[in-house]
Amino acid sequence: LSDICILIEDGIDARVIKKAAELKTKIFEKTGKKVVLSRSLAREKAITIAKDASLSSEGYSIEVTTDGIKIAGGDDAGCFYAIITLLEMLETEGTSLPCVIINDAPDMSYRGFYFDATRGRVPSVEGAKKLILRLAKSKVNVLQFYVEHTFDFKEFYSVDRTDEDYLTADDILELDAFCYDNFIDFQPSISTFGHLYELLMLKEHEHLRELEDFVPVYHFWEQRMFHH
């Protein structure tokens, strides 16, 4: 073929189309052939992406034959996951894909990953995005992001820190949007009563301590664990 067509059914979510554009780029990198994204350009040996109501939510099927590739998803998330699987096949098999039928669906509707963004190094936005892409590739659909003083709370303004030490509201909104693009529910996880060591060590909040005359004598991390 002089070029390759990716035919996308009407009504497919924009996030799936965005992933299909990534597939288009990958095919061009592997073959050097022009790839066309279309909603109407029917062509032999095309890659078709459509929804199939007979499939379960987030489930999908991939059929690779000598006549082309058919992708079907029970919903938009299923189509998204199918494209991810096809991208993995291109990465491992190259352009010589085997003729195969894949039927896949999650056993659990809630597939979460809990990330502690407080202890140790605070992730940058770009670092967190790399994590999100890895989770999407593994078809994880929930990311819980745990923060204490590593969020830009106004109560911590007097803490001596650099821009790399905490995440801002704009950072969180950017990550939320990136999670959405990858069919991941971005959930905040915040300790509201406990784990206030950093806050209570500030002069203006020391009156709230139970240990009024507390002076740290052990290793920093032990103090944070012993005295929340």
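Where is the place of Phe 226? Phe 226 sits in helix H6, which covers residues 220-226. Helices (H or I, at least four residues) and strands (E, at least two) are DSSP runs, numbered from the N terminus.

## Basis of the model

This is a predicted model, in which local features need pLDDT of at least 70 and side-chain atom pairs count only at pLDDT 80 or more, while totals for chains, interfaces and linings use all residues. Residues are numbered from 1 along each chain as its sequence is written, and side-chain values use heavy atoms, with hydrogens and water left out.

## A nonpolar surface patch

Phe 226 counts as exposed because its relative accessibility is 56%. The terms are set by cut-offs: buried means under 20% relative accessible area, exposed over 50%, and partly exposed in between (1.4 Å probe, protein chains only).

Together with Val 215, Val 217, Tyr 218 and Met 225, Phe 226 forms a nonpolar patch on the surface, with about 600 Å² of accessible area together. Patches are made of residues with over 30% relative accessible area and no salt bridge; like charges are joined within 9 Å, and nonpolar side chains (Val, Leu, Ile, Met, Phe, Trp, Tyr) within 5 Å. Accessible areas come from the Shrake-Rupley method with a 1.4 Å probe, and for residues only the protein chains shown count as cover.

## The largest pocket

Rolling a probe the size of a water molecule over the atoms shows where empty space is left. The volume of the largest pocket is about 500 Å³. It is lined by 21 residues, and those closest to its centre are Ile 4, Lys 45, Ile 69, Thr 95 and Leu 97. Two or more lining residues come from each of helix H1 (14-31), S4, strand S5 (68-73) and helix H2 (76-93). H1 gives the most to this lining, with four residues.

A pocket is defined on a 1 Å grid over the protein atoms alone, as an open set of points where a 1.4 Å probe fits, with protein on both sides within 12 Å along at least five of seven lines; lining residues have an atom within 4 Å of a point. Grid points are joined across faces, edges and corners, and a volume is the space filled by probe spheres set on the points.

## Salt bridges

Side chains of opposite charge can pair when their charged atoms come close. The structure holds twelve salt bridges, each being a side-chain nitrogen of Lys or Arg within 4 Å of a carboxyl oxygen of Asp or Glu. One of them joins Arg 15 and Asp 13 at 3.0 Å, N to O, and both residues are buried.

Lys 129 forms a salt bridge with Glu 174, with the closest N and O atoms 2.8 Å apart. This pair links distant parts of the chain, 45 residues apart: Lys 129 lies in helix H3 (residues 125-137) and Glu 174 in helix H4 (residues 169-181). Lys 129 is buried at 15% relative accessible area, whereas Glu 174 is partly exposed at 35%. Another salt bridge joins Glu 206 and Arg 209 at 3.9 Å, N to O; Glu 206 is partly exposed at 27% and Arg 209 is buried at 12%. Lys 26, Glu 29 and Glu 91 are linked in a network of salt bridges.

Is Ser 61 buried or exposed? Ser 61 is buried, with a relative accessible area of 16%, and lies in strand S4 (residues 60-65). Its contacts (heavy atoms within 4.5 Å), leaving aside neighbours within four places in sequence, are Leu 55, Lys 70, Ile 71, Ala 72, Ile 102 and Asn 103.

Ser 56 is in the loop between strand S3 (47-51) and S4, and is partly exposed at 40%. With neighbours within four places in sequence left aside, Ser 56 is in contact with Gly 74 and Ala 105. The C-alpha atoms of Ser 56 and Asp 104 are separated by 9.4 Å, and these residues are 48 residues apart along the chain.

## Two loop residues with positive phi

Lys 139, a residue other than glycine, has a positive phi near 65°. Lys 139 is found in the loop between H3 and strand S8 (142-147) and counts as buried at 16% relative accessibility. Phe 183 also is not a glycine and has a positive phi of about 55°. Phe 183 is in the loop between H4 and strand S9 (185-190) and is buried at 13%.
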